[in-house]
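Please work through each task before reading its solution.

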Amino acid sequence: MEKKRTIFEKETGDIVKFLGEASIFKELSKESLEKISEKIQMLTLTKDNIVIKKDSPGNRLYLIRSGSTRVVSESEFEDFTIATIPSGQCFGEMSLLTGEPCCATVKTNEDSLLYFITKSDFDEIILENPQINKHFNKLFAERIGKQNIKSIDLKKYEIALSKYLQKAKEYQYSEVVWKSKRMQRVFNEAKKYSANDLPVTVIGKPGTGKEILSRKIHMESTKAKYPVFEIVLPKERRKGKSAIHNERRQLDHIACELFGKEKIKYTTDDGMRIGCLELVNNGTLIIKNIENMSLNTQEGFLQFIETGTFMRTGGREPIRSNVRIIVTTTDISFMQKQLCQRLFQMLSNQQLEIPSLSEHKKDIPSLMDHFADKISKIRHTQKQKFSMDATNKLLKYDYPGNVKELENIIERAITLSKAGTDIEEEVIFLGDPTGIEDAKRINLLNISLIERLCKSRRIILAVKAATLIIFISILCLFVMQSDISIGGRNITLILCWQLGIPLLFVLFLFAARFGCGICPIFSITNFLNKRNLKIPVPDFIKKYDVWIMGTGFISILFVEEYTHMAASISKTAYLIFSILFAAIIVDFIFEKSAWCRHLCPLGGMAGLFSMSSLIEIRANRNVCTTICTTHDCFKGSERANPCPMFLHLQFLSDNRVCKVCLNCIKNCTHHATRLNLRIPGTEISSLSQPSLPGAIFSIILSGLLVAEIISKTDIIHANYIFIFSASIFFALTLSFTINYFTALILKETVTEHLKRFGYTLIPLILFGFISLYSIDVFGNVKGSLMIFNAYKLNLNFTMTFQLLTVLTGLLITEYLINKIILNVINKRRQFQIFAIQGIVPLILSIVYITLFFA
């Protein structure tokens, strides 16, 4: 309550003495002070009473006899103190001198006794004592200086606050949408914790949604109208700490982040910093990875939780803050080991554990819809739906990265999809991206000439055009039944069998599936089917495409030998036209290059053999994940067409599905593509998803090579069907027997080992086919060498080449087997397993070499 008193209630001498000590009147004479004391009135106010209201007319000069006041800026939620006026100081003079309304509200900090002089009396005092103006000028200068300092501090506060609020904006659409019973139990517990302000520990694996659930607790609590901040504690570096020189202290970064810091001498940091606990007053602070908090910081943090006060780093005055603490951890037992016992007890009284996404897959559809809606709002685009195939693919995956991984997958899928269309299965890329090149790989794009060649559109178009012209010419020769011959053999048969097939196997070794990239059949179907029916590829074709392509390739090899197709123009023409028309019809009916991706027998085997290639196209994972936002390697650009196999380079881990069309190299502007030179077959030892059909066809091809050698060399005069069947049976029996003993020793399944080691035969098979077709290209080349002009050595160069080639394939295969064993087999069993698994390629190599030399 306010209580006014006149000067007659107090001794005039006390007032004169007080006025004489006040800076504004201290240079006046005693007579002048006595005259002023006659105009003084008194006012007694209790704590938090308003003395001056903002925008009110200024009609009094106040002097604080006892107590203190504060200048405040009023807001909807709470008042913000601009300045504090202590005892002995005056206020209200600005409005008296300028005639303007009061610019701020003044309140008492405590019970206070105030003297005041009315405007009319003040004007009279100024006329009688003009020297008072000097004191007002000095007072204004001091207040302006202090206000400038305050403005700087407020600016720092504003900058610090905006930094954290900017982070909070990322969650403006992050509403929890899980609906499974498992998660509902978690939500009910979270709701219970929202009713109090005690600390909460949220436990869960990375990506499970700990931060979102923490924010949900905040939003349902009494602190919802106040800010919520989040900080991440990195792992403490316990090794390699920098030395301390010249008594400079190394400040704890996390302590500064939490508590703030004063300007400290002898440190590398300059200036004051406001900490989270001060910024988020009355709100909630989420601390991620609490187990990483340093021991020094734990002491101050424990003090804050127990007392509600803390001190800035380098400061001496305690600061009070009312903040709700929520911490997250991935492992509660590890958190207990890392934190001091008292702090752990304070934080872990209320615990919430979030299960992995694989444990509540019923929430995936609602999460998919939520993320699609969230991304559409952020990007201001129409919300996209998921196709049934895309949904099924997302539901089958286990998500080691949990909800965060699902969100990243959906965000990338929406980016890769065309606006206004459903999200299809082809844009859903699962699993970890490929790594960057290692020491055993050389990026050929670092050679400027190779980089220019790969990025040149004209050169690739010229190669495609030349291949197409040759192919069309061959078709015309077939139609005309041309009898043009070289050395008694028809030129079309030479181009198809003696040059074409051997060239394909050489390309597999040196250029992977580059032959598919310049394939004339693809060029023709792509030109003819610009307006196809675009029917989705049936699921059974997608599911069994490896079986279809493998069976097709083996059938071609069988028919070619059984019918002696290589010696017949009409039969060869029938085969080539059949493949061409099948490709045209399939691509006219189905969408997205169905023939190349799911049905082409040559393409399927090209993918298998290209795993043994000397080159690969890969991505620099770091660049793709941190810089790229356009995904031009998948979507295409004005520089080149999209990927014809609908691949994202970041997720390409082996050569089976890459056509080496070089479009990704042309499209990428971030220099993330790598054209690597490597050891042949390197990827086989680290296949992320080896398939059983691919492994079985590799084994079958190793036996089929035996039949091909017997047939071409005419060693055994027997029915080809018998030779074909016996060779394949031999390879399968040998491989299954060896893998059975391996599984028996390791107590694992035969299937698992077939998938691991079946692919390792591919380098041996590829080099074996190159050896076989060298006879068609070069014939049986013999000659002699003179050594030291004294010894004459007669050689069969063709057989020597075949021997060296097969041995090279054997060495690569044995190297891959050894590498797989080192990666997955217990050290005690490694030599034993290598001795067993190495038998298969060794026996096959002996058979190949024996047949060549026979």
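**Exercise 1.** State how the lining of the second largest cavity divides by class.

*Solution.* The lining comprises six nonpolar, seven polar and one charged residues. Here Ala, Val, Leu, Ile, Met, Phe, Trp, Tyr, Cys and Pro count as nonpolar, Asp, Glu, Lys and Arg as charged, and the others, Gly among them, as polar.

The model is predicted; local features need pLDDT of at least 70, side-chain atom pairs count only at pLDDT 80 or more, and totals for chains, interfaces and linings use all residues. Residues are numbered from 1 along each chain as its sequence is written, and side-chain values use heavy atoms, without hydrogens and water.

**Exercise 2.** Describe the largest cavity by its volume and the classes of its lining.

*Solution.* A cavity is a set of points on a 1 Å grid over the protein atoms alone where a 1.4 Å probe fits but cannot get out; lining residues have an atom within 4 Å of a point. The volume, the space filled by probe spheres set on points joined across faces, edges and corners, is about 130 Å³ for the largest cavity. Of its 15 lining residues, Cys643, Leu647, Cys658, Cys661 and Cys664 are closest to the centre. By class, twelve are nonpolar, two polar and one charged.

Definitions and conventions. 1 Å grid on protein atoms, 1.4 Å probe; cavity = no way out; pocket = protein on both sides within 12 Å on 5 of 7 lines; lining within 4 Å.
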